[in-house]
Amino acid sequence: MAAGVAAWLPFARAAAIGWMPVASTPMPIPPQEKRKAQDGLIILNVSGTKFQTWRTTLERYPDTLLGSTERDFFFHEETNEYFFDRDPDIFRHILNFYRTGKLHYPRQECISAYDEELAFFGIIPEIIGDCCYEEYKDRRRENAERLQDDEEMDMNNDVTPVNLTYREFLWRAFENPHTSTVALVFYYVTGFFIAISVMANVVETVPCGTLPNRSKEISCGDRYALAFFCLDTACVMIFTVEYLLRLIAAPSRYKFMKSVMSVIDVVAIMPYYIGLVMTDNDQVSGAFVTLRVFRVFRIFKFSRHSAGLRILGYTLKSCASELGFLLFSLTMAIIIFATVMFYAEKGSTASKFTSIPAAFWYTIVTMTTLGYGDMVPKTIVGKVFGSICSLSGVLVIALPVPVIVSNFSRIYHQSQRAEKRRAQRVLTHPLPVSSLPSFRSVSSFFFFFWLLSASPLCPLLIHT
């Protein structure tokens, strides 16, 4: 009506001041508003919070609870409204889906509660909008991983049962150092000897002056051979005892022996035992020196005691596809640029690009942004393609890095949440002290092996 009057108002003003006569035709009839019937407006009471909408709005999606006749089961005749004992905050987003046809994920809501509300109202989560779907998938994956961790924690419950066998007790102590005092003692003792072994492996190569009858400077390992041998013997004895106890207590010895950490343990201690049975032959001694390099694998034993190294390992495992793509891309680029650089530098007499395999080294150090400078192009064409090679290496390496960083952050936060839940569970369920061996017996156990490996054994083994 207001629109019709506004249309005729200029003509009325013009006629009033004598500009033009009023039109003889009657003014248009104002449009009548089409009011919806009162029964088309329904009230939805969600845990005390009332929402109003049109019935046709809900019936646009007949496959859902609110759009079908199943909602009549929730109709309350006394109040003439539909009552749902659900979360009203999440229902706002569900009702907005009926109004606009777009489903969004509220970031501040729990993913499990959101999925429960969608399942209750019969809405599939695959219709979530593109603006929220990626975050919804990430939150859902994190929640699934958390639930899996909770199931594993329930299976390997930190609370030690009273009727636990000694073999099961040992395995739990090795796998989880926070289960008992014995596990903590073993955790710190093995960690201490791993650190001592790695430090000794480094220090024995440091120059320690010259002998009276020799002018050549010798290393500390040769100058103090007896001390380093005794120290290495003590460390190897602890590592051997640890490996044997793990093998005895393992639920499946076959799976334990073929695991990666078990192989690392064997490789770390085998050079010591091989050196005991070797003769003084120069060729055999040279092979033994090469074999001593494998002692550096003892540092990987820290991964069993370090949460950070485990997180790094899980990150690399989860990024296997991205790392494979990176390796494949680098390999292709290295072969292409090595071939181009060889033919570009073929006419130069001072070029070091003697073959395509020789050019591999240049392309590798260039694409990884190292640039040693031992091989450089001499021709203009070679310099141009060398620049393209360096820029291509930056792009190829930089592409998978954000994915690896995001996976590391996700696994790190997941580990932190697991540690907090484990700490809360330990506080709510204290350890039964009566079922655990005493600290005195554990200390005596390690003290015995320390004496065995430290005092009389070293001179005896040296003389043999």
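Which handedness does the crossing of α7 and α9 have? In this predicted model, the crossing of α7 and α9 is left-handed. The briefing below begins with that helix pair, continues with the sheet, and ends with individual loop residues.

**Helices α7 and α9**

- The axes of helix α7 (residues 181–203) and helix α9 (residues 225–249) come within 10 Å of each other, and their crossing angle is roughly 145 degrees.
- On the α7 side, the contact is made by F186, T190, F193, I194, I196, S197, A200 and V203.
- On the α9 side, the contributing residues are F228, L231, A234, C235, I238, F239 and E242.
- By class, the residues of this contact comprise twelve nonpolar, two polar and one charged.
- An α-helix has 3.6 residues a turn, so residues three or four places apart point the same way.
- Helix α7 consists of 23 residues and spans 33 Å between its first and last C-alpha, close to the 33 Å expected at 1.5 Å a residue.
- Buried positions of α7 are V182, A183, V185, F186, T190, G191, F193, I194, S197, A200 and N201.
- Helix α9 consists of 25 residues and spans 36 Å between its first and last C-alpha, close to the 36 Å expected at 1.5 Å a residue.
- Helix α9 is largely enclosed by the rest of the structure, because 18 of its 25 residues are buried.

**The four-stranded sheet**

- An open sheet is formed by four strands in the order β2-β1-β4-β3, with mixed pairing.
- Strands β2 and β3 (75–76) are the edge strands, each of them pairing on one side only.
- Helix α3 (residues 88–100) packs on the sheet and touches β1 and β2, and the direction of α3 makes about 5 degrees with that of β2.
- Strands of a sheet pair through backbone hydrogen bonds, either parallel or antiparallel.
- Strand β1 (residues 41–46) runs antiparallel to strand β2 (residues 49–54), and six bridges join the two.
- Strand β1 runs parallel to strand β4 (residues 81–84), to which three bridges join it.
- Residue N45 has K50 as its bridge partner in β2, and N45 stands opposite F83 in β4.

**The β1–β2 turn and S47**

- Strands β1 and β2 form a hairpin with two residues between them.
- Residue S47 lies in the loop between β1 and β2.
- Although S47 is not a glycine, its phi is positive, at about 55 degrees.
- S47 counts as partly exposed because its relative accessibility is 34%, the limits of that class being 20% and 50%.

**Other loop residues**

- Residue T369 is placed in the loop between α15 (356–367) and α16 (380–398).
- The phi of T369 is near 60 degrees, a positive value in a residue other than glycine.
- T369 counts as exposed because its relative accessibility is 54%, and the cut-off for exposed is over 50%.
- Residue T179 is found in the loop between α6 (166–175) and α7.
- T179 counts as buried because its relative accessibility is 3%, and the cut-off for buried is under 20%.
- T179 and F169 are ten residues apart in sequence, and their C-alpha atoms are 9.3 Å apart in space.

How values were computed. Residues numbered from 1 in each chain as written. Predicted model: local features only at pLDDT ≥ 70, side-chain atom pairs only at ≥ 80, totals over all residues. Heavy atoms only, no water. Axes fitted to C-alpha atoms, helices over the stretch in contact; angles between N-to-C directions. Left-handed = near helix turned anticlockwise from the far one by under 90°. Contact = heavy atoms within 4.5 Å. Nonpolar A, V, L, I, M, F, W, Y, C, P; charged D, E, K, R; others polar. Pairing = 2+ DSSP bridges. Expected span 1.5 Å × (residues − 1). Buried < 20%, exposed > 50% of the residue type's maximum accessible area, 1.4 Å probe, protein only.
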